[in-house]
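Visitor: I would like to learn how to read a model like this one. Please take me through it feature by feature.

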Protein chains: 2
Amino acid sequence: MSDSAPLDGRQQRGRDTRALIVDAAMAQFAESGYRASSLRDIAARAGMTHPGVLYHFPTKEALLMAVLQRRDDEGKKRHPVLGHLGREALAGMARAAAHNETQGAMVELYAVLSAEATGRDHPAHDYFVARYESLLATVTEAYTVARDAGGLRDGVEPDVAAPQLIALMDGLQVQWLMGTLPRSMARIVADHLNTQLVEPLP
Amino acid sequence: MSDSAPLDGRQQRGRDTRALIVDAAMAQFAESGYRASSLRDIAARAGMTHPGVLYHFPTKEALLMAVLQRRDDEGKKRHPVLGHLGREALAGMARAAAHNETQGAMVELYAVLSAEATGRDHPAHDYFVARYESLLATVTEAYTVARDAGGLRDGVEPDVAAPQLIALMDGLQVQWLMGTLPRSMARIVADHLNTQLVEPLP
DNA sequence: CCTACCGATCGGTAGG
DNA sequence: CCTACCGATCGGTAGG
C-alpha cells in the first residue's frame with residue numbers, strides 16, 4: 001500500500017504534522033468530547049491556527065475519524081486478532097485493563113465518545129456500532145474456544161459471558177475516571193474472570 | 001417544608017411550567033448531552049423562547065441541576081433506601097435494569113452525562129462523584145447483609161462485587177443504547193447475580 | 001414570559 | 001499553513 005512507499009521531505013513533514021494534529025485532537029476530544037471540542041482548541045494544542053488544521057483535515061468530522069482510525073491501528077499492533085486463543089485471549093482482556101490504567105486520556109476519549117455516539121445522528125455512531133459488534137464476536141469466540149477446551153466452569157455461557165465482560169470493562173472505566181473505584185480495574189476484571197475459569201489467572 | 005404549603009393559581013402555573021421545562025431539558029440532554037444542548041432547543045420543546053426558560057432557571061447550569069434533582073426524587077420514590085435489605089436489594093437491582101429498558105431517554109441522559117461529567121470541570125462532576133460514592137456504599141452494604149445471612153457463595157467479596165455490579169449495569173446501558181446487546185439487560189444482570197447467590201433469582 | 005439585543009465563539013472558506 | 005472574514009449559533013441581559 002501507499003504507506004510503505006518512500007516519502008520525500010515535504011510528504012514526511014506533512015505526515016508528522018498530521019500526526020501532531022491527531023495527538024492534539026485525541027487529547028481535546030478526551031477532555032471534552034467531540035461536540036464540545038473546537039477546532040481552535042485543537043489547533044492551539046498543535047501550535048497552529050484552526051485553518052491550519054483544516055488544511056490537513058477537510059472537516060472536523062474527518063479529524064474525528066482520523067483519531068478513531070489511529071487508535072484502531074495502535075490496538076491492532078498491540079493485540080493481533082486473538083479470538084481463537086480462548087483462555088489466553090481472556091487473560092489478554094485483564095492485561096488490557098491494566099494497560100488502560102496508564103492511558104487516562106484514551107480511556108476518557110472512548111468513554112465520552114461511546115456515550116455521545118449512542119445517538120443515531122452522531123458522526124461516530126456507525127463506527128461504534130461496528131466496533132461493539134466486532135468486539136462482541138471476538139470475545140464470544142474466546143469464551144467458546146475456552147469452553148471447548150474444558151477451561152470454563154459449568155453454567156458459564158459464552159453468549160451471556162461476552163456482553164457481560166465487555167459491559168464490566170466499560171463500566172469500570174467510568175468509575176475509574178470518576179475517581180470512585182476502590183480497586184484497580186485489572187484486579188476487578190481478573191476477579192470476575194476467575195469466577196468463570198477452571199484455572200485461576202495470576 | 002414549603003412544598004407542602006397550598007399554592008395560589010399563579011404559583012401553581014409556575015410549578016407546572018417549571019416541570020414542563022425540566023421535561024424538555026431532560027429529553028434534550030439525553031439526546032445530545034449537556035454541552036451540545038442549547039437553551040433554544042430546550043425552549044422550543046417546552047413551547048416558549050429561550051429567555052422564557054431563563055426566567056424560570058437563572059442559568060443553563062441551574063437547569064441541569066434541576067433535571068438531576070428531579071430524577072433523584074423519582075428514584076427515591078421508586079426505591080426507598082434498600083441497602084439493609086441484603087439479597088432483596090440485589091434483586092431490586094435486576095428489577096431496576098428491567099425498568100430502565102422502558103426508559104430510553106433517562107438511560108441515555110445518565111450514560112451521556114456520567115461520561116461527560118468525568119471531567120473535573122464539568123458542572124455535574126461533583127454530583128456524579130457523590131452519586132457513585134453513595135451507590136457504592138449502598139450496594140456494598142447489600143452484599144454484606146446478604147453474606148452475613150449466608151446468602152452468598154464462597155469467594156464473593158462485597159468490596160469487589162459491589163463495584164463490579166455497578167460497572168456491569170453502566171456498561172450494559174451503553175451496549176443497549178447502541179443496539180448491539182444480544183439479550184435483555186435484566187437477563188444479563190440476573191445471570192450475573194445468580195453466579196453469586198446461593199438461591200437463584202427467578 | 002416576550003422582543004430585541006449583546007459579545008463570544010463556532011465550523012468553514014477565500015485568497016494568498 | 002496564515003490572515004481575514006463569513007453566517008450561524010451560543011448563553012445571557014435589558015426592558016417591558
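Visitor: Which elements supply the surface near DNA strand C?

Guide: First, the general idea. A residue is near a strand if its C-beta atom, placed from the backbone, lies within 6 Å of it. Helices are DSSP runs of H or I, at least four residues, and strands are runs of E, at least two, numbered from the N terminus. Now the case here. α2 (39-46) and α3 (50-56) of chain A, together with α3 (50-56) of chain B, each supply at least two residues of that surface. α3(B) gives the most, with four residues.

Visitor: What should I know about the model and its numbering?

Guide: The model is predicted: local features need pLDDT of at least 70, side-chain atom pairs count only at pLDDT 80 or more, and totals for chains, interfaces and linings use all residues. Residues are numbered from 1 along each chain as its sequence is written, while chains are lettered from A and ligands numbered from 1 in the order in which they are written.

Visitor: Which residues come nearest to DNA strand C?

Guide: Of the 16 residues around DNA strand C, the nearest are Ser38(A), Thr17(B), Met48(B), Gly52(B) and Tyr55(B). Next, sort the surface by class. Ala, Val, Leu, Ile, Met, Phe, Trp, Tyr, Cys and Pro count as nonpolar, Asp, Glu, Lys and Arg as charged, and the others, Gly among them, as polar. The surface near DNA strand C has six nonpolar, seven polar and three charged residues.

Visitor: And which residues come nearest to DNA strand D?

Guide: Thr17(A), Met48(A), Gly52(A), Tyr55(A) and Ser38(B) come nearest, of the 16 residues around DNA strand D. α3 of chain A, with α2 (39-45) and α3 of chain B, each supply at least two residues of the surface near DNA strand D. The largest share, four residues, comes from α3(A). By class, the surface near DNA strand D has six nonpolar, seven polar and three charged residues.

Visitor: What rotation superposes chain A on chain B?

Guide: Copies are superposed by least squares on the C-alpha atoms of residues with pLDDT of at least 70 in both. A rotation of 180° with 0.0 Å of shift along its axis superposes chain A on chain B, at RMSD 0.0 Å. That is the relation of a two-fold axis. The same surface serves both copies, as 100% of the contact residues of chain A recur in chain B.

Visitor: How do I check a helix, say α4 of chain B?

Guide: Start with length. The expected span is 1.5 Å times one less than the number of residues. The 19 residues of α4(B) (residues 60-78) should span 27 Å, and its end C-alpha atoms are 28 Å apart, which agrees.

Visitor: Which residues of α4(B) are buried?

Guide: A residue is buried if 20 or more other C-beta atoms lie within 10 Å of its own, exposed if 12 or fewer, and partly exposed in between, with C-beta atoms placed from the backbone. In α4(B), Leu63(B), Leu64(B), Val67(B) and Leu68(B) are buried. They cover an arc of only 140° around the axis, which puts them on the same side of α4(B). The arc is that of the directions from the helix axis to the C-beta atoms. On the other side of α4(B), exposed residues include Glu61(B), Gln69(B) and Lys76(B).

Visitor: Where does Tyr132(B) lie?

Guide: Tyr132(B) lies in helix α7 of chain B. Tyr132(B) is buried, with 20 other C-beta atoms within 10 Å. Leaving aside its neighbours within four places in sequence, Tyr132(B) is in contact with Gln175(A), Met178(A) and Thr180(A).

Technical notes: Contact = placed C-beta atoms within 7 Å.
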